[in-house]
Amino acid sequence: MGALPVFRWRLAPDGYATRRQLRALGLRPGGQDVAAQLERPRRRRGPLVAYLYRVDLAVPVRPMTPARRAALAKANAARRTCPTCRREAGYVIPTSLGTCVPCADADPHGSDGSTR
C-alpha cells in the first residue's frame, strides 16, 4: 500500500469521514482500510492525527439485539459492583481503587497491600 493522502485540519474533501462522523451518520468503516489522514499541527509536539474512511464504502451499524443489550447491561452492572462488599455502588468503581470508596477508605493499606 502506498502512502496515505494527508490533509490539513478541517480541509478534508467530501466523501471522507472519521469514525465518529461515520457513527453520527449511522455507519461504520466495515473492514475498510484507512483512506486518508488529517493532521493538525501543534507547538513543541508532533501533530494530532485523525484517520479518515471513505463514506461510500462504509456499511450500516449493526442493530442492537436484545441479547447484546442484556450483555451490555450485565457488563455495566459488574463495573458498578464492589468486589469487596458485593454492593452496587451506583457509579463505576475506579480502577485506581479497585473497590468502592467506602471500602477503600476503610482499608488503610489499600486494595493492593501497599501503604498510602
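The side chains of R80 and E88 meet in a salt bridge, at 2.9 Å from N to O; a salt bridge here is a side-chain nitrogen of Lys or Arg within 4 Å of a carboxyl oxygen of Asp or Glu. The model is predicted: local features need pLDDT of at least 70 and side-chain atom pairs count only at pLDDT 80 or more, while totals for chains, interfaces and linings use all residues. Residues are numbered from 1 along each chain as its sequence is written, and side-chain values use heavy atoms, with hydrogens and water left out.

A search of the whole structure finds two salt bridges. Besides R80 and E88, the side chains of R54 and D56 meet at 2.7 Å, N to O. The accessibility of three of these residues is set out below, together with that of other residues discussed later. Buried means under 20% relative accessible area, exposed over 50%, and partly exposed in between, with a 1.4 Å probe and protein chains only.

| Residue | Relative accessible area | Class |
|---|---|---|
| R80 | 25% | partly exposed |
| R54 | 34% | partly exposed |
| D56 | 55% | exposed |
| Y16 | 26% | partly exposed |
| C100 | 5% | buried |
| C103 | 16% | buried |

The whole structure holds one aromatic pair. The pair joins F7 and Y16 and is tilted, with 5.9 Å centre to centre and 50° between the planes. Rings of Phe, Tyr and Trp (its six-membered ring) pair if their centres lie within 6.5 Å; planes under 30 degrees apart count as stacked, over 60 as edge-to-face and the rest as tilted. The charged end of R40 sits over the ring of W9, 5.9 Å from its centre; this requires NZ of Lys or CZ of Arg within 6 Å of the ring centre and within 35 degrees of the ring normal.

The search finds zero disulfides, a disulfide being a pair of cysteine sulfur atoms within 2.5 Å. C100 is in no disulfide, and its nearest cysteine sulfur, that of C103, is 3.5 Å away. That separation is too far for a bond.

For the chain as a whole, there are three helices and six strands, in the order β-β-α-β-β-β-β-α-α from the N terminus. Helices (H or I, at least four residues) and strands (E, at least two) are DSSP runs. Buried residues make up 18% of the 116 residues. The accessible surface comes to about 8900 Å², of which 53% belongs to carbon and sulfur atoms, by the Shrake-Rupley method with a 1.4 Å probe.
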